[in-house]
Amino acid sequence: MNVIHINSKNVLFIFLALLSHIIKEVNMCYGSDLPNNTIKATPTNSTPVVDDNKKEEILGLCPVGVKCMDLGAECLNCTFNFSCIYGDVYTANCTIQEYVNCSGAKVFQKQYICRYCYLTEHWEHKCHLKNSCSSVASPQQYYKTNCTVNSNVLCLGRRKFTKNIRCNWTVGYKWSTALILSITLGGFGADRFYLGHWQEGIGKLFSFGGLGVWTLIDVILISMRYLGPADGSLYI
């Protein structure tokens, strides 16, 4: 009878052989999940994501069917020379932005003055006006507001910027009306009521214009435009 002698070397050899076989089976069944065999699937029908908000904004700013050269700067992509000499006139190469529908050449040139947008003249940009300050204060008051360059003006840098503006607003009070009321009915406080100074108007009414002295003083103050509307606005 033959006796098989199994020593530690034979056991180790058999164990390694079984381990190698098991690893091969695992690779065959689950190889796609291992790091070295990772498969990256690529979508076959992928389409770029369209920014609907940007598209609607551009379509709202840019009219349809006009000549491309007549479009405003917000509808164009223009190349500027930022090394230009301030105040000189240059030519920019412009193309229309995406989603813009216009007629004529899509690539053209436009002239511009070498300057940044915040250096444009006050008639070349529009600013958000505020009435939260006094136009007749001394010293003169200023406030910071947002401004946007007109569409027909090309300039360097951002087309929207902040600017300090002198407080200068009106709601319709006429200087001539206030002066006439002060001369004719000032003794009854009509000028003060018209300008919105209700407390002073009541005082003039019941004091008969301070026996004429207050009336004379208000005529002088209104004629010099020193006395203005109570809300801090200017005369028109």
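Reply: Start with strand β5, residues 142-149. Its side chains alternate between two faces. Tyr143, Thr145, Cys147 and Val149 point to one face and are buried. Buried means under 20% relative accessible area, exposed means over 50%, and partly exposed is in between, with a 1.4 Å probe and protein chains only. Strands here are DSSP runs of E with at least two residues, helices are runs of H or I with at least four, and both are numbered from the N terminus.

A word on the basis. This is a predicted model, in which local features need pLDDT of at least 70 and side-chain atom pairs count only at pLDDT 80 or more, while totals for chains, interfaces and linings use all residues. Residues are numbered from 1 along each chain as its sequence is written, and side-chain values use heavy atoms, with hydrogens and water left out.

Now the partners of β5. Strand β4, residues 125-127, pairs with β5 in the antiparallel sense over 3 bridges. Two strands count as paired if DSSP finds at least two bridges between them. Cys127 stands opposite Cys147 of β5. Strand β6, residues 160-166, also runs antiparallel to β5, and 7 bridges join them. Two residue pairs mark this side. Asn146 has Thr162 of β6 as its bridge partner. Tyr142 stands opposite Arg166 of β6.

Together this gives an open sheet of 3 strands in the order β4-β5-β6, with antiparallel pairing. β4 and β6 stand at the edges, each with a single partner strand, so one side of each has no neighbour in the sheet. Neighbouring strands are turned by 40° against each other on average, direction ignored. In general, strands of a sheet pair through backbone hydrogen bonds, parallel or antiparallel.

Next, the stretch after the sheet. Cys167 sits in the loop between β6 and α3. Its relative accessibility is 0%, so Cys167 counts as buried. What is Cys167 in contact with, leaving aside its neighbours within four places in sequence? The list is Cys133, Ser134, Ser135, Gln140, Gln141, Tyr142 and Tyr143. Contact means heavy atoms within 4.5 Å. Lys144 is 23 residues from Cys167 along the chain, and their C-alpha atoms are separated by 9.8 Å.

Axes are lines fitted to C-alpha atoms, for helices over the stretch in contact, and angles run from 0 to 180 degrees between N-to-C directions. Angles over 145 degrees count as roughly antiparallel, under 35 as roughly parallel, 65 to 115 as roughly perpendicular, and the rest as oblique. Where do they meet? On the α3 side are Trp175, Ala178, Leu179, Ser182 and Ile183. On the α7 side are Thr215, Asp218, Val219, Ile222 and Ser223. The crossing is left-handed, meaning that the near helix is turned anticlockwise from the far one by less than a right angle.

Helix α7 also packs on helix α5, residues 198-206, at an angle of about 140° with axes 10 Å apart. That makes α5 oblique to α7. Glu200, Gly203 and Lys204 of α5 make the contact with Trp214, Thr215 and Asp218 of α7.

Two backbone torsions deserve a check. Phe208 lies in helix α6, residues 208-211, and has phi near 55°, a positive value in a residue other than glycine. Phe208 counts as exposed, at 59% relative accessibility. Tyr99 is in the loop between β2 (89-96) and β3 (107-113), with positive phi near 80°. Tyr99 counts as partly exposed, at 26%.

Last, the whole chain. There are 7 helices and 6 strands, in the pattern α-α-β-β-β-β-β-β-α-α-α-α-α. Of the 236 residues, 28% are buried. Among contacts between residues at least 6 apart in sequence, 55% join residues at least 24 apart.
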